[in-house]
Amino acid sequence: MTDDDRTDQTPKSYRPIDAKGFREFISRGWGPVDRSVSVPEGLAEAAAEHRRKLAAALPGRRIALAAGRAPVRSNDTDYQFRADSDFVWLTGCQAEGSVLVISADGDATLYLRETAGPDEADFFSNARDGELWIGPVPGLKDWSDALQIACRPIEELPAAVRGAVPFMLSVPGVEPMLDALVRTSPTDGNALRQTLAELRRIKDEWELDQLREAVAASVLAFGDVARELPEAIRGGGERWLQGTFDRRARTAGNGVGYASIVAAGNHAPVLHWVRNDGAVNEGDVILLDAGVETRTLYTADVTRTFPASGEYTAAQRQVHDLVHKAQLASLEAVKVGAPYRAFQYEALRVLAEGLRDWGVLDVSLDELLGPDGQQHRRYIVCGTGHYIGLDVHDCDASRPEAYFAGTIEAGMALAVEPGLYFHPNDETVPPELRGIGIRIEDNVVVHQDRLEILTEDLPITTDGLEQWTRSHLNSR
(Lines give C-alpha, C1' and ligand atoms only; values in the text may rest on other atoms or scores of the structure.)
Protein backbone atom coordinates (compact mmCIF):
# COMPACT_ATOMS: atom_id res chain seq x y z
CA MET A 1 0.00 0.00 0.00
CA THR A 2 1.41 3.35 -0.99
CA ASP A 3 1.33 6.55 1.02
CA ASP A 4 -1.23 7.93 -1.44
CA ASP A 5 -3.53 4.94 -0.83
CA ARG A 6 -3.34 5.50 2.92
CA THR A 7 -4.14 9.20 2.48
CA ASP A 8 -7.20 8.42 0.37
CA GLN A 9 -8.61 6.21 3.15
CA THR A 10 -8.24 8.87 5.86
CA PRO A 11 -11.73 9.91 7.08
CA LYS A 12 -12.63 13.42 6.03
CA SER A 13 -14.56 15.99 8.03
CA TYR A 14 -16.88 18.46 6.38
CA ARG A 15 -18.24 21.68 7.84
CA PRO A 16 -22.05 21.72 7.71
CA ILE A 17 -22.04 25.46 7.06
CA ASP A 18 -20.29 24.80 3.73
CA ALA A 19 -22.63 22.02 2.64
CA LYS A 20 -25.51 23.18 0.42
CA GLY A 21 -27.61 20.14 1.30
CA PHE A 22 -27.33 20.82 5.00
CA ARG A 23 -28.03 24.54 4.62
CA GLU A 24 -31.14 23.87 2.56
CA PHE A 25 -32.42 21.06 4.79
CA ILE A 26 -31.93 22.84 8.12
CA SER A 27 -33.70 25.96 6.90
CA ARG A 28 -37.12 24.27 6.60
CA GLY A 29 -39.52 22.11 8.54
CA TRP A 30 -39.55 24.06 11.80
CA GLY A 31 -42.84 24.62 13.60
CA PRO A 32 -43.83 27.61 15.74
CA VAL A 33 -41.70 28.47 18.78
CA ASP A 34 -42.82 30.36 21.86
CA ARG A 35 -40.40 33.26 22.25
CA SER A 36 -42.61 35.41 24.46
CA VAL A 37 -41.08 37.21 27.42
CA SER A 38 -42.74 36.65 30.79
CA VAL A 39 -42.40 39.58 33.18
CA PRO A 40 -44.14 40.20 36.50
CA GLU A 41 -47.12 42.50 36.64
CA GLY A 42 -46.16 46.13 36.95
CA LEU A 43 -42.58 45.81 35.71
CA ALA A 44 -43.09 47.65 32.41
CA GLU A 45 -44.96 50.49 34.13
CA ALA A 46 -42.34 50.80 36.86
CA ALA A 47 -39.49 50.94 34.32
CA ALA A 48 -41.32 53.59 32.28
CA GLU A 49 -41.70 55.72 35.40
CA HIS A 50 -38.02 55.28 36.18
CA ARG A 51 -37.14 56.53 32.67
CA ARG A 52 -39.41 59.50 33.18
CA LYS A 53 -37.60 60.38 36.40
CA LEU A 54 -34.21 60.13 34.72
CA ALA A 55 -35.27 62.27 31.76
CA ALA A 56 -36.65 64.89 34.17
CA ALA A 57 -33.39 64.87 36.14
CA LEU A 58 -31.31 65.33 32.98
CA PRO A 59 -33.49 67.48 30.71
CA GLY A 60 -32.39 67.88 27.10
CA ARG A 61 -29.83 65.10 27.30
CA ARG A 62 -29.46 62.10 25.07
CA ILE A 63 -28.59 59.07 27.13
CA ALA A 64 -27.29 55.62 26.19
CA LEU A 65 -26.98 52.72 28.58
CA ALA A 66 -25.72 49.21 27.84
CA ALA A 67 -26.88 45.97 29.46
CA GLY A 68 -23.37 44.56 29.16
CA ARG A 69 -22.14 41.07 28.39
CA ALA A 70 -21.16 38.05 30.44
CA PRO A 71 -17.47 38.01 31.38
CA VAL A 72 -15.34 35.09 30.27
CA ARG A 73 -14.91 32.44 32.96
CA SER A 74 -12.32 30.33 31.17
CA ASN A 75 -11.38 29.91 27.53
CA ASP A 76 -14.70 29.61 25.65
CA THR A 77 -16.99 29.45 28.70
CA ASP A 78 -18.65 32.49 30.26
CA TYR A 79 -20.12 33.32 33.62
CA GLN A 80 -23.89 33.49 33.71
CA PHE A 81 -25.02 36.85 32.35
CA ARG A 82 -26.40 39.41 34.77
CA ALA A 83 -27.55 42.69 33.23
CA ASP A 84 -26.31 46.07 34.48
CA SER A 85 -28.48 47.22 37.40
CA ASP A 86 -29.09 50.75 36.11
CA PHE A 87 -30.08 49.33 32.74
CA VAL A 88 -32.55 46.93 34.40
CA TRP A 89 -33.99 49.73 36.55
CA LEU A 90 -34.77 51.70 33.38
CA THR A 91 -35.98 48.85 31.17
CA GLY A 92 -36.77 45.62 33.03
CA CYS A 93 -34.85 43.95 30.21
CA GLN A 94 -32.17 41.31 30.79
CA ALA A 95 -31.10 40.72 27.19
CA GLU A 96 -27.35 40.47 26.83
CA GLY A 97 -25.80 43.07 24.54
CA SER A 98 -28.87 45.30 24.44
CA VAL A 99 -28.66 49.09 24.65
CA LEU A 100 -31.19 51.69 25.80
CA VAL A 101 -31.24 55.12 24.18
CA ILE A 102 -33.31 57.95 25.64
CA SER A 103 -33.64 60.93 23.32
CA ALA A 104 -33.49 64.57 24.38
CA ASP A 105 -37.30 64.70 24.43
CA GLY A 106 -37.56 61.63 26.67
CA ASP A 107 -38.50 59.02 24.06
CA ALA A 108 -36.90 55.64 24.72
CA THR A 109 -35.78 52.94 22.30
CA LEU A 110 -34.28 49.58 23.13
CA TYR A 111 -31.73 48.21 20.66
CA LEU A 112 -31.34 44.43 20.62
CA ARG A 113 -30.05 41.61 18.50
CA GLU A 114 -32.88 40.22 16.39
CA THR A 115 -33.41 36.47 16.57
CA ALA A 116 -31.62 34.53 13.83
CA GLY A 117 -34.05 32.33 11.87
CA PRO A 118 -33.37 28.85 10.42
CA ASP A 119 -32.33 30.40 7.11
CA GLU A 120 -29.46 32.26 8.81
CA ALA A 121 -26.11 30.74 9.72
CA ASP A 122 -26.26 32.08 13.29
CA PHE A 123 -29.26 29.82 13.93
CA PHE A 124 -27.11 26.68 13.86
CA SER A 125 -23.47 27.85 13.85
CA ASN A 126 -23.43 30.35 16.72
CA ALA A 127 -22.99 28.26 19.86
CA ARG A 128 -23.24 31.32 22.09
CA ASP A 129 -26.44 32.90 20.76
CA GLY A 130 -28.04 30.61 18.19
CA GLU A 131 -31.43 29.10 18.98
CA LEU A 132 -30.37 25.62 17.95
CA TRP A 133 -27.76 25.76 20.74
CA ILE A 134 -29.38 27.74 23.56
CA GLY A 135 -33.11 27.47 22.91
CA PRO A 136 -35.75 30.06 21.97
CA VAL A 137 -34.46 33.65 21.90
CA PRO A 138 -37.00 36.48 22.21
CA GLY A 139 -37.06 38.85 19.25
CA LEU A 140 -37.71 42.57 18.97
CA LYS A 141 -41.48 42.24 18.96
CA ASP A 142 -41.42 39.87 21.92
CA TRP A 143 -39.44 42.33 24.02
CA SER A 144 -41.52 45.27 22.84
CA ASP A 145 -44.79 43.54 23.73
CA ALA A 146 -43.55 42.58 27.20
CA LEU A 147 -41.85 45.84 28.15
CA GLN A 148 -44.06 48.29 26.27
CA ILE A 149 -41.07 50.01 24.72
CA ALA A 150 -39.99 50.56 21.12
CA CYS A 151 -37.38 48.00 20.04
CA ARG A 152 -35.04 48.27 17.07
CA PRO A 153 -32.22 46.09 15.64
CA ILE A 154 -28.85 46.62 17.34
CA GLU A 155 -27.33 47.39 13.91
CA GLU A 156 -29.21 50.71 13.93
CA LEU A 157 -27.58 51.86 17.18
CA PRO A 158 -24.71 53.92 15.69
CA ALA A 159 -27.13 56.09 13.74
CA ALA A 160 -29.31 56.56 16.81
CA VAL A 161 -26.51 58.03 18.94
CA ARG A 162 -24.50 59.77 16.23
CA GLY A 163 -23.53 63.31 17.08
CA ALA A 164 -23.07 64.99 20.43
CA VAL A 165 -24.11 62.68 23.23
CA PRO A 166 -23.52 64.59 26.47
CA PHE A 167 -24.20 61.50 28.60
CA MET A 168 -23.01 58.14 27.37
CA LEU A 169 -22.43 55.05 29.44
CA SER A 170 -20.90 51.84 28.20
CA VAL A 171 -19.42 48.63 29.54
CA PRO A 172 -15.82 48.95 28.26
CA GLY A 173 -14.51 46.30 25.97
CA VAL A 174 -17.76 44.48 25.28
CA GLU A 175 -19.83 46.89 23.21
CA PRO A 176 -17.53 47.98 20.37
CA MET A 177 -20.12 50.30 18.83
CA LEU A 178 -20.53 52.18 22.09
CA ASP A 179 -16.83 52.14 22.91
CA ALA A 180 -16.04 53.91 19.66
CA LEU A 181 -18.65 56.54 20.38
CA VAL A 182 -17.37 57.06 23.91
CA ARG A 183 -13.92 57.79 22.55
CA THR A 184 -15.19 60.33 20.01
CA SER A 185 -18.17 61.96 21.74
CA PRO A 186 -18.44 64.17 24.83
CA THR A 187 -19.48 61.83 27.61
CA ASP A 188 -19.96 61.87 31.35
CA GLY A 189 -20.68 58.36 32.48
CA ASN A 190 -19.83 59.13 36.12
CA ALA A 191 -22.44 61.87 36.30
CA LEU A 192 -25.03 59.58 34.79
CA ARG A 193 -24.21 56.85 37.31
CA GLN A 194 -24.47 59.35 40.14
CA THR A 195 -27.84 60.64 38.96
CA LEU A 196 -29.21 57.13 38.63
CA ALA A 197 -27.87 56.08 42.04
CA GLU A 198 -29.56 58.99 43.75
CA LEU A 199 -32.84 58.37 41.94
CA ARG A 200 -32.72 54.71 42.96
CA ARG A 201 -32.36 55.54 46.68
CA ILE A 202 -36.13 55.97 47.00
CA LYS A 203 -37.97 52.79 46.08
CA ASP A 204 -41.47 52.80 44.63
CA GLU A 205 -44.06 50.29 45.79
CA TRP A 206 -43.35 47.89 42.94
CA GLU A 207 -39.68 47.78 43.91
CA LEU A 208 -40.54 47.26 47.57
CA ASP A 209 -42.67 44.28 46.59
CA GLN A 210 -39.65 42.81 44.80
CA LEU A 211 -37.57 43.22 47.95
CA ARG A 212 -40.31 41.65 50.08
CA GLU A 213 -40.29 38.67 47.72
CA ALA A 214 -36.50 38.42 47.90
CA VAL A 215 -36.53 38.48 51.70
CA ALA A 216 -39.36 35.93 51.97
CA ALA A 217 -37.42 33.51 49.77
CA SER A 218 -34.26 34.16 51.80
CA VAL A 219 -36.06 33.35 55.05
CA LEU A 220 -37.09 29.99 53.57
CA ALA A 221 -33.50 29.39 52.48
CA PHE A 222 -32.21 30.09 56.00
CA GLY A 223 -34.58 27.42 57.26
CA ASP A 224 -33.32 25.02 54.60
CA VAL A 225 -29.77 25.59 55.83
CA ALA A 226 -30.69 25.00 59.47
CA ARG A 227 -32.31 21.66 58.57
CA GLU A 228 -29.10 20.55 56.88
CA LEU A 229 -26.80 21.22 59.84
CA PRO A 230 -26.51 17.51 60.77
CA GLU A 231 -25.34 16.67 57.25
CA ALA A 232 -22.85 19.54 57.36
CA ILE A 233 -21.49 18.26 60.68
CA ARG A 234 -21.24 14.72 59.31
CA GLY A 235 -18.81 15.95 56.66
CA GLY A 236 -20.59 18.18 54.16
CA GLY A 237 -19.23 21.26 55.89
CA GLU A 238 -19.74 24.82 54.75
CA ARG A 239 -19.94 23.71 51.13
CA TRP A 240 -23.07 21.67 51.87
CA LEU A 241 -24.77 24.60 53.55
CA GLN A 242 -23.82 26.95 50.72
CA GLY A 243 -25.27 24.53 48.17
CA THR A 244 -28.43 24.26 50.23
CA PHE A 245 -28.99 28.02 50.24
CA ASP A 246 -28.04 28.36 46.59
CA ARG A 247 -30.53 25.67 45.56
CA ARG A 248 -33.41 27.61 47.11
CA ALA A 249 -32.12 30.85 45.60
CA ARG A 250 -32.01 29.38 42.14
CA THR A 251 -35.44 27.80 42.51
CA ALA A 252 -37.23 30.79 44.03
CA GLY A 253 -35.40 33.49 42.11
CA ASN A 254 -32.58 34.22 39.73
CA GLY A 255 -29.98 32.89 42.16
CA VAL A 256 -27.98 34.42 44.98
CA GLY A 257 -27.66 38.19 45.04
CA TYR A 258 -23.98 38.06 45.98
CA ALA A 259 -21.37 35.51 47.04
CA SER A 260 -22.84 33.78 50.06
CA ILE A 261 -20.89 33.88 53.32
CA VAL A 262 -21.19 30.56 55.17
CA ALA A 263 -18.75 30.90 58.06
CA ALA A 264 -18.56 28.24 60.74
CA GLY A 265 -16.49 28.40 63.92
CA ASN A 266 -13.22 30.29 63.50
CA HIS A 267 -14.29 31.50 60.06
CA ALA A 268 -17.18 33.54 61.48
CA PRO A 269 -14.99 36.57 62.37
CA VAL A 270 -13.79 36.81 58.75
CA LEU A 271 -15.99 39.54 57.26
CA HIS A 272 -16.00 38.22 53.70
CA TRP A 273 -15.54 34.49 54.17
CA VAL A 274 -16.78 33.40 50.74
CA ARG A 275 -14.48 30.39 50.35
CA ASN A 276 -17.03 28.31 52.26
CA ASP A 277 -14.75 25.30 52.26
CA GLY A 278 -14.39 24.62 55.99
CA ALA A 279 -15.77 22.00 58.31
CA VAL A 280 -18.81 22.46 60.55
CA ASN A 281 -18.43 21.21 64.11
CA GLU A 282 -21.02 20.55 66.80
CA GLY A 283 -20.07 23.53 68.98
CA ASP A 284 -19.74 26.08 66.18
CA VAL A 285 -21.90 29.05 65.49
CA ILE A 286 -22.75 29.51 61.80
CA LEU A 287 -22.61 33.05 60.49
CA LEU A 288 -24.79 32.92 57.38
CA ASP A 289 -24.84 36.10 55.30
CA ALA A 290 -26.81 35.39 52.13
CA GLY A 291 -29.65 36.71 50.02
CA VAL A 292 -31.93 35.50 47.25
CA GLU A 293 -32.03 37.64 44.12
CA THR A 294 -35.46 37.71 42.49
CA ARG A 295 -35.94 37.11 38.79
CA THR A 296 -36.27 40.88 38.47
CA LEU A 297 -32.78 41.10 40.08
CA TYR A 298 -33.69 42.73 43.41
CA THR A 299 -31.76 41.13 46.24
CA ALA A 300 -32.12 40.57 49.95
CA ASP A 301 -29.08 40.79 52.23
CA VAL A 302 -29.68 38.89 55.46
CA THR A 303 -27.43 37.64 58.24
CA ARG A 304 -28.09 35.46 61.24
CA THR A 305 -25.55 33.71 63.46
CA PHE A 306 -27.00 30.54 64.94
CA PRO A 307 -25.60 27.54 66.86
CA ALA A 308 -24.98 24.35 64.92
CA SER A 309 -26.11 22.28 67.90
CA GLY A 310 -29.14 24.43 68.67
CA GLU A 311 -27.55 25.89 71.81
CA TYR A 312 -25.01 28.70 72.26
CA THR A 313 -22.08 28.39 74.62
CA ALA A 314 -21.89 30.99 77.39
CA ALA A 315 -19.27 33.00 75.49
CA GLN A 316 -21.21 32.85 72.21
CA ARG A 317 -24.36 33.97 74.01
CA GLN A 318 -22.50 36.84 75.67
CA VAL A 319 -21.30 38.21 72.34
CA HIS A 320 -24.62 37.63 70.58
CA ASP A 321 -26.57 39.41 73.32
CA LEU A 322 -24.38 42.51 72.97
CA VAL A 323 -24.80 42.54 69.17
CA HIS A 324 -28.55 42.11 69.65
CA LYS A 325 -28.59 45.11 71.98
CA ALA A 326 -26.73 47.13 69.34
CA GLN A 327 -29.19 46.00 66.66
CA LEU A 328 -32.19 47.21 68.66
CA ALA A 329 -30.55 50.60 69.29
CA SER A 330 -29.66 50.87 65.62
CA LEU A 331 -33.17 50.05 64.40
CA GLU A 332 -34.64 52.59 66.81
CA ALA A 333 -32.57 55.30 65.11
CA VAL A 334 -33.81 54.51 61.58
CA LYS A 335 -36.55 57.08 61.02
CA VAL A 336 -37.50 59.79 58.55
CA GLY A 337 -35.47 62.95 59.02
CA ALA A 338 -32.72 61.33 61.09
CA PRO A 339 -29.14 61.64 59.90
CA TYR A 340 -28.10 58.55 57.97
CA ARG A 341 -25.12 58.16 60.27
CA ALA A 342 -27.35 58.06 63.38
CA PHE A 343 -28.20 54.36 63.24
CA GLN A 344 -24.57 53.53 62.53
CA TYR A 345 -23.44 55.64 65.50
CA GLU A 346 -25.95 54.02 67.86
CA ALA A 347 -24.80 50.53 66.99
CA LEU A 348 -21.15 51.41 67.49
CA ARG A 349 -21.89 53.24 70.74
CA VAL A 350 -23.57 50.19 72.25
CA LEU A 351 -20.78 47.89 71.12
CA ALA A 352 -18.09 50.23 72.48
CA GLU A 353 -19.87 50.44 75.82
CA GLY A 354 -20.14 46.68 76.03
CA LEU A 355 -16.50 46.09 75.18
CA ARG A 356 -15.49 48.62 77.82
CA ASP A 357 -17.76 47.02 80.42
CA TRP A 358 -16.20 43.62 79.66
CA GLY A 359 -12.74 45.07 80.24
CA VAL A 360 -11.65 44.35 76.67
CA LEU A 361 -11.04 48.10 76.26
CA ASP A 362 -9.75 50.19 79.12
CA VAL A 363 -10.23 53.74 77.79
CA SER A 364 -13.11 56.13 78.37
CA LEU A 365 -16.24 56.00 76.24
CA ASP A 366 -15.61 59.58 75.11
CA GLU A 367 -12.22 58.58 73.77
CA LEU A 368 -13.57 55.44 72.12
CA LEU A 369 -16.22 57.38 70.25
CA GLY A 370 -14.03 60.41 69.49
CA PRO A 371 -12.12 61.04 66.27
CA ASP A 372 -8.75 60.05 67.73
CA GLY A 373 -9.98 56.95 69.56
CA GLN A 374 -12.09 54.37 67.74
CA GLN A 375 -10.24 51.45 69.33
CA HIS A 376 -13.45 49.43 69.32
CA ARG A 377 -13.38 49.39 65.51
CA ARG A 378 -10.69 46.71 65.76
CA TYR A 379 -13.58 44.34 66.36
CA ILE A 380 -15.92 45.85 63.74
CA VAL A 381 -13.94 47.54 61.00
CA CYS A 382 -16.86 47.45 58.56
CA GLY A 383 -19.89 49.70 58.40
CA THR A 384 -23.15 48.73 60.06
CA GLY A 385 -25.60 49.33 57.22
CA HIS A 386 -26.22 50.28 53.60
CA TYR A 387 -28.90 50.63 50.93
CA ILE A 388 -30.29 47.50 49.30
CA GLY A 389 -32.11 47.08 46.00
CA LEU A 390 -30.94 45.91 42.61
CA ASP A 391 -27.43 45.81 44.07
CA VAL A 392 -26.60 44.33 47.43
CA HIS A 393 -24.76 47.57 48.22
CA ASP A 394 -27.18 49.78 46.35
CA CYS A 395 -26.69 53.34 45.15
CA ASP A 396 -22.96 53.46 45.94
CA ALA A 397 -22.35 56.10 43.25
CA SER A 398 -24.40 58.68 45.18
CA ARG A 399 -22.73 61.85 46.42
CA PRO A 400 -21.79 61.79 50.13
CA GLU A 401 -24.47 64.37 50.91
CA ALA A 402 -27.05 62.06 49.35
CA TYR A 403 -25.80 59.01 51.24
CA PHE A 404 -23.58 58.83 54.33
CA ALA A 405 -23.78 62.54 55.02
CA GLY A 406 -27.48 62.78 54.17
CA THR A 407 -30.73 62.12 55.98
CA ILE A 408 -33.09 59.18 55.96
CA GLU A 409 -36.18 59.51 53.76
CA ALA A 410 -39.38 57.55 53.32
CA GLY A 411 -39.02 54.86 50.66
CA MET A 412 -35.45 53.95 51.50
CA ALA A 413 -34.62 50.25 51.87
CA LEU A 414 -31.71 49.47 54.15
CA ALA A 415 -29.69 46.64 55.58
CA VAL A 416 -28.85 47.20 59.25
CA GLU A 417 -26.01 44.93 60.37
CA PRO A 418 -23.96 45.44 63.53
CA GLY A 419 -21.55 42.73 64.55
CA LEU A 420 -18.50 41.79 66.59
CA TYR A 421 -15.58 39.82 65.21
CA PHE A 422 -12.94 38.29 67.44
CA HIS A 423 -10.34 36.47 65.37
CA PRO A 424 -8.93 33.24 66.78
CA ASN A 425 -5.42 34.72 66.98
CA ASP A 426 -6.48 38.03 68.56
CA GLU A 427 -4.66 38.17 71.88
CA THR A 428 -6.37 41.40 72.96
CA VAL A 429 -9.51 39.50 73.94
CA PRO A 430 -9.97 36.73 76.52
CA PRO A 431 -9.34 33.20 75.19
CA GLU A 432 -13.01 32.23 75.50
CA LEU A 433 -13.99 35.00 73.04
CA ARG A 434 -11.39 34.21 70.40
CA GLY A 435 -12.82 32.72 67.24
CA ILE A 436 -16.33 34.09 67.80
CA GLY A 437 -17.95 36.21 65.10
CA ILE A 438 -21.53 37.41 65.40
CA ARG A 439 -23.57 39.50 62.98
CA ILE A 440 -27.28 40.31 62.87
CA GLU A 441 -28.52 41.84 59.63
CA ASP A 442 -32.09 42.93 59.05
CA ASN A 443 -33.60 44.37 55.88
CA VAL A 444 -35.92 47.31 56.53
CA VAL A 445 -38.06 49.81 54.66
CA VAL A 446 -38.51 53.34 55.95
CA HIS A 447 -42.08 54.65 55.92
CA GLN A 448 -43.19 58.12 56.94
CA ASP A 449 -44.58 56.93 60.27
CA ARG A 450 -42.99 53.52 60.87
CA LEU A 451 -40.18 51.10 60.13
CA GLU A 452 -41.08 47.95 58.22
CA ILE A 453 -38.76 45.08 59.13
CA LEU A 454 -38.84 42.75 56.16
CA THR A 455 -36.84 40.07 57.99
CA GLU A 456 -39.09 39.93 61.06
CA ASP A 457 -39.84 36.23 60.47
CA LEU A 458 -36.26 35.41 61.44
CA PRO A 459 -35.60 35.75 65.20
CA ILE A 460 -32.71 37.87 66.42
CA THR A 461 -32.48 36.96 70.14
CA THR A 462 -30.32 34.14 71.43
CA ASP A 463 -33.33 32.34 72.87
CA GLY A 464 -35.29 32.85 69.66
CA LEU A 465 -32.48 31.60 67.42
CA GLU A 466 -31.88 28.55 69.61
CA GLN A 467 -35.54 27.64 69.38
CA TRP A 468 -35.62 28.39 65.63
CA THR A 469 -32.57 26.22 65.01
CA ARG A 470 -33.89 23.31 67.06
CA SER A 471 -37.28 23.48 65.36
CA HIS A 472 -35.62 23.04 61.98
CA LEU A 473 -33.33 20.30 63.23
CA ASN A 474 -36.37 18.46 64.56
CA SER A 475 -38.26 18.85 61.28
CA ARG A 476 -35.86 16.70 59.28
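The largest cavity is lined by Leu43, Ala46, Ala47, His50, Val88, Trp89, Gly92, Trp206, Thr296, Tyr298 and Leu390. The model is predicted: local features need pLDDT of at least 70, side-chain atom pairs count only at pLDDT 80 or more, and totals for chains, interfaces and linings use all residues. Residues are numbered from 1 along each chain as its sequence is written, and side-chain values use heavy atoms, with hydrogens and water left out.

Rolling a probe the size of a water molecule over the atoms shows where empty space is left. Here the search runs on a 1 Å grid over the protein atoms alone. A cavity is a set of points where a 1.4 Å probe fits but cannot get out. A pocket is an open set with protein on both sides within 12 Å along at least five of seven lines. Lining residues have an atom within 4 Å of a point. Grid points are joined across faces, edges and corners, and a volume is the space filled by probe spheres set on the points.

The structure holds one cavity of 30 Å³ or more. Two helices, α3 (43–57) and α4 (85–91), each supply at least two residues of its lining. α3 gives the most, with four residues. (Helices are DSSP runs of H or I, at least four residues, numbered from the N terminus.) By class, the cavity lining has eight nonpolar, three polar and no charged residues. Ala, Val, Leu, Ile, Met, Phe, Trp, Tyr, Cys and Pro count as nonpolar, Asp, Glu, Lys and Arg as charged, and the others, Gly among them, as polar.

The cavity lining also draws at least three residues from each of domain 1 (19–199) and domain 2 (205–474). These bounds come from an automatic or database domain assignment. The C-alpha centres of the two domains lie 36 Å apart. Their contact (heavy atoms within 4.5 Å) takes 17 residues from domain 1 and 16 residues from domain 2.

Together the domains bury about 1300 Å², 54% of it on carbon and sulfur atoms. Buried area is the accessible area (1.4 Å probe) that two parts lose on being put together, summed over both. Arg82, Ala197 and Glu198 supply 35% of the area that domain 1 buries against domain 2, more than any other three residues. Arg82 also meets Glu293 in a side-chain salt bridge (3.0 Å, N to O). The rule, a side-chain nitrogen of Lys or Arg within 4 Å of a carboxyl oxygen of Asp or Glu, finds two salt bridges across the domain interface.

Now the open space. The largest pocket has a volume of about 1200 Å³. Of its 35 lining residues, Gln94, Ala95, Glu96, Pro138 and Trp143 are the closest to the centre. Its lining has 14 nonpolar, 12 polar and nine charged residues. Domain 1 and domain 2 each give at least three residues to the lining of this pocket.

The second largest pocket holds about 350 Å³. Its lining has 18 residues, with His272, Asp289, His386, His393 and Glu417 nearest the centre. Seven of the lining residues are nonpolar, six polar and five charged.
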